[in-house]
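Please look at the sequence and the structure shown here. The paragraphs that follow go through the strands and the loops in turn.

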Amino acid sequence: MENGEQKEYSGHSGWVYALAVHGNHLFSGGDDKSIKVWDIESCKMVDDLVAHENGVTCLTFANGDLYTGSYDHYIFTWDLVEIEK
């Protein structure tokens, strides 16, 4: 935050391994096998994506999609248009 303001996003039940920002949303991948989608301004969780069988370790964006990787050795593709709905 430019003005030193702090915000708290609470929802994972374990460690958070990855963070990424896309538009007005913060994406977090965690030890609890989930990807949480947060509204940056309100700090409220707006979606909870679950597909991995182990902790989510990385997040990236390309070609209108979210890509997530995990300790389960899989990469999943998520359609950002669907997530925005």
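Does His73 count as buried or exposed, and at what relative accessibility? The model in view is a predicted one. His73 has 77% relative accessibility, and a residue over 50% is called exposed, so His73 counts as exposed.

His73 lies in the loop between β6 and β7. The backbone of His73 has a phi near 70°, which is a positive value in a residue that is not glycine.

Strand β7 covers residues 75–79, and it pairs with β6 in the antiparallel sense over five bridges. Strands of a sheet pair through backbone hydrogen bonds, and the pairing is either parallel or antiparallel.

Strand β6 also pairs with β5, which spans residues 56–62. These two strands run antiparallel and are joined by six bridges. Here Cys58 stands opposite Gly69 in β6. The hairpin of β5 and β6 has two residues between the strands, and within this hairpin Asn63 takes a positive phi near 55°.

How many of the six residues of β6 are buried? In this strand, residues 65–70, the number is five; β6 is therefore largely enclosed by the rest of the structure. For this count, buried means under 20% relative accessible area.

The next part to trace is another sheet. Four strands form an open sheet in the order β1-β2-β3-β4, and their pairing is antiparallel. At its edges are β1, residues 16–22, and β4, each of which pairs on one side only. On average, neighbouring strands in this sheet are turned by 20° against each other, with direction ignored.

Within this sheet, consider β2 and β3. Strand β2 is made of residues 25–30, and five bridges join it to β3 in an antiparallel arrangement. In this pair Phe27 stands opposite Val37 of β3.

Which loop contains Cys43? Cys43 lies between β3, residues 34–39, and β4, residues 45–50. Although Cys43 is not a glycine, its phi is positive, at about 65°.

To review, return to β6. This strand pairs with β5 through six bridges and with β7 through five, and five of its six residues are buried. In the loop that leads from β6 to β7, His73 is exposed.

Definitions and conventions:
Residues are numbered from 1 along each chain as its sequence is written. This is a predicted model: local features need pLDDT of at least 70, side-chain atom pairs count only at pLDDT 80 or more; totals for chains, interfaces and linings use all residues. Side-chain values use heavy atoms; hydrogens and water are left out. Buried means under 20% relative accessible area, exposed over 50%, partly exposed in between (1.4 Å probe, protein chains only). Two strands pair if DSSP finds at least two bridges between them. Axes are lines fitted to C-alpha atoms, for helices over the stretch in contact, and angles run from 0 to 180 degrees between N-to-C directions.
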